[in-house]
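Hi,

Here is the structure I promised to pass on.

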Amino acid sequence: MCVKSQCVEDEEAHVRRESASDLDELQLLLLERSRERLKRKVLDAVLLHRFEHFGDGKSTVWSHLRMQQVQGQIGRIGCSIYSPSELLVLLRDPDVRLTQLPFNILDRRWLSADVQQAIADMAAQRGCDLIVMASHGRHGLDALIHGSLTKSVLAHSQVPLLVLH
């Protein structure tokens, strides 16, 4: 019985290795296809769609992106995030140069003081030339009710801020 169990475990490990290898090849193929379709030798930026693929900067996917960045095939790399805790993890990694965070006018989770200060601090520590943020252009009572991450970062940061409306 033990022999059969070991064979099953060995087969499962082999399938996992093949799947990981296939995923690595697929990732490289997709990045190459992007360069071909965009008619570019270097992709200016690549964002991971899911924070889980970042894996605290230790995932296979992230490692491959870093390798292509070192080889000069990718400019900046980053990740889409969906919570302030994910943002705080990304801000600690110096290799993360882009972050995409979705929110709407009722979304207040990004307005916490630690998030606002972390954005300003990391931009200064990394020597960023510019912070780019979007603004809905709210004024008066609307701005007071909904708050503004952009205005708060502007108040806390010494780095120039480009606001897109």
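A quick definition to start: helices (H or I, at least four residues) and strands (E, at least two) are DSSP runs, numbered from the N terminus. Keep in mind that this is a predicted model, where local features need pLDDT of at least 70 and side-chain atom pairs count only at pLDDT 80 or more, while totals for chains, interfaces and linings use all residues. Residues are numbered from 1 along each chain as its sequence is written, and side-chain values use heavy atoms, leaving out hydrogens and water.

The overall layout: the chain has six helices and five strands, and along the sequence they follow the pattern α-β-α-β-α-β-α-β-α-α-β. Buried residues (under 20% relative accessible area with a 1.4 Å probe, protein chains only; exposed is over 50%, partly exposed in between) make up 32% of the 165 residues.

Now zoom in on Val-46, which lies in strand 1 (residues 43-48). Val-46 counts as buried because its relative accessibility is 13%. Arg-76 is 30 residues away from Val-46 in sequence, yet their C-alpha atoms are 6.5 Å apart in space. Contact here means heavy atoms within 4.5 Å. Leaving aside neighbours within four places in sequence, Val-46 is in contact with several residues, including Leu-31, Leu-65 and Arg-76.

Next, the nonpolar core, meaning a set of buried Ala, Val, Leu, Ile, Met, Phe, Trp, Tyr and Cys residues joined through side-chain atoms within 4.5 Å. The largest one has 30 residues, and Phe-54 and Leu-65 touch the most other members. Among the elements that each supply at least two residues of this core are strand 1, helix 2 (60-70) and strand 2 (74-80). Helix 4 gives the most, with five residues.

Finally, how do helix 3 and helix 4 cross? Their axes (lines fitted to C-alpha atoms over the stretch in contact, with angles from 0 to 180 degrees between N-to-C directions) come within 10 Å and cross at roughly 20°. That makes helix 3 roughly parallel to helix 4 (angles under 35 degrees; over 145 is roughly antiparallel, 65 to 115 roughly perpendicular, the rest oblique). Helix 3 brings Pro-84, Leu-87, Leu-88 and Leu-91 to the contact, and helix 4 brings Asp-114, Val-115, Ala-118, Ile-119 and Met-122.

Cheers
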